[in-house]
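Thanks for coming. I have a few minutes on one model, so please look at the screen.

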Amino acid sequence: MKTLLIGLGNRFRHDDGAGLQFVRQFSTNMTDFVDSRLFEGDPIDLIELWQGADRVMLIDATSSGAEPGTVQRLDASEKALPEELFGRQSTHLFSIADAIELARRLEKLPQEVIIFGIEGANFSFGEGLSGEVQEVLAKLNQQVLDELAQLTASAKKESKASA
Amino acid sequence: MSSPKKSKTRTIKVDYLARVEGEGAMFIKLAGGEVKEVRLEIFEPPRFFEAFLRGRNFTEAPDITARICGICPIAYQMSSINAMEDLCGVSIGGQLRELRRLIYCGEWIQSHVLHAFMLHLPDFLGYQDAIQMAGDHPDLVKKALRMKKLGNEIMNIVGGRAVHPINMRVGGFYRVPTRDELLTLNDELSWAIGVAEELVHFTGELKFLDFEQDYEFVAMRHPDEYAIIDGRLISNRGLDISVREFDEHIQEEHVRHSTALHARIKARGNYFVGPLARFNLNFEQLSPRAQAAAKRSGLGKRCNNPFKSIIVRSVEILYALELAQEIIGKYKMPERPYVEVKPKAGTGYGCSEAPRGICHHRYTIDEEGTIMDARIAPPTSQNQKTIESDLANFVRARIELPHDELQWQCEQAIRNYDPCISCSTHFLRLHIEQE
């Protein structure tokens, strides 16, 4: 089963671009098992983007009051994301949490939806990530690779068992 | 979320999204049965981009301004391209111009569908949001998503991608699509035109709050088309100016409570841009089918109730779908994707009809093509004073309503404008204070 890795954000809002930067510099030797995409649009279009994918990993910035650079891993496959991390619908746009819940309601959510949230420090206008955020990207790269390796190993085991 | 009624000061506050604090908020203060203050506070991205543009080459403006908004990148690209071509004395016609109209149709379709059916419609059907609405009306939401996808597809094929398209440039396109590529959209367009017609009828049946105001509407006017990508600027109170004369007639001013500039017509005051303005000023230029659908929905030729903008957006969706199909039907791939444009020192002006209304750009470049100055007037900041004045009038007539009900109706009144509060932070807080 291939994983779709999606980096979200806005590169002109400093740390909001953490997910994009992560995917841009993501390095893997498991290219058979993972596709990656950059996503800067309205989160509602995620529903279209992940059509056909069984497993999605979303990498996004968070603003929860935690230490900048803190990575939180959340599993939205079965239950909704906490609102304080990824927000609710606004007058103008859908949030990521909304897109996930709408997809769940319409049975358009991939089987597995994992979100890695990177706590940002600076969301003002401008380019470039804060030091703490940039520093954590390499560590997160390893964490994502470990998770992919684990998932791939257990998928192999399952297919052997069923053979 | 309201505090107990017996306290002297009552406050209702809604945090739509606590992602980045303090960027967009509506503040209403009531005292002694009077509306004392209404403030729309917005932080506006174009201010940052204006600074970012200075020192860049004039050919970079479309790519940079496309980043201002993930929903309406074409509007920013088109207005900046118009300004640069105006400045350099170039006029683009024929199929290249038609492709520009086509990609703009894609933007109108996806933006209007998102607003009308995912964000605005839940208000009228009594749902908190589209997620709740999808539980009872899954087919309606699926149709809306499919139609939005079609708008995105048009932008993909013509623009290279739907979000922040990369294919538009000063002088034309980096690459033009083949006729076969465009024809892949045809069946889906036929489906969508039928559905859009149904949706105009459906929105016409909704129940609307009674709120008619005497607005000065401003929109672009083209002699032969329902203006989208170019034209003059006109109003129902006699404004009739070229895009170049914008600064002479329209004043943008700083107000203390917002980083966005407030716009007003110097001679008269606030004005209203967007679908309602276009519809009221250019109704006769809509397609016969869109005109007929509007009439059947009960709209008539004029509409002064912003709550009914959901019907007008549906009419414009229908129109944009028809226009897209017409352009594709007549399309002949141009021999050259663009016309070479040489920089010329001076100031250029460009405007186009973004989904939310006119988006006006002004640039000054030197003889090398370096941008010396940039000024962007997006539609929401032009509507800002009108939104505030609407809110004051709206609340004045409903001051006796319980707070929760008043708050809910105010949110709806704000949503009528499809406001681009801040193009990328998804942020609006509503705050009603009663002394």
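Predicted model: local features only at pLDDT ≥ 70, side-chain atom pairs only at ≥ 80, totals over all residues.

Residues are numbered from 1 along each chain as its sequence is written, with chains lettered from A and ligands numbered from 1 in the order in which they are written.

N280(B) sits in helix α10 of chain B, residues 275-282; helices are DSSP runs of H or I with at least four residues, strands are E runs of at least two, and both are numbered from the N terminus. Beyond four places in sequence, N280(B) touches F217(B), N236(B), R302(B) and C303(B), where contact means C-beta atoms, placed from the backbone, within 7 Å. F217(B) is 63 residues away along the chain, with a C-alpha separation of 7.8 Å.

Next, the nonpolar cores, meaning sets of buried Ala, Val, Leu, Ile, Met, Phe, Trp, Tyr and Cys joined through C-beta atoms within 7 Å. The largest has 148 residues, and I154(B), V315(B) and A324(B) touch the most other members. Helix α4 of chain B, residues 94-125, gives the largest share of this core, 14 residues. Contacts of I154(B) outside four places in sequence include L102(B), L185(B) and A324(B).

Finally, chain A has five helices and five strands. Of its 163 residues, 47% count as buried.

Notes
Buried ≥ 20, exposed ≤ 12 C-beta atoms within 10 Å, placed from the backbone. Contact = placed C-beta atoms within 7 Å.
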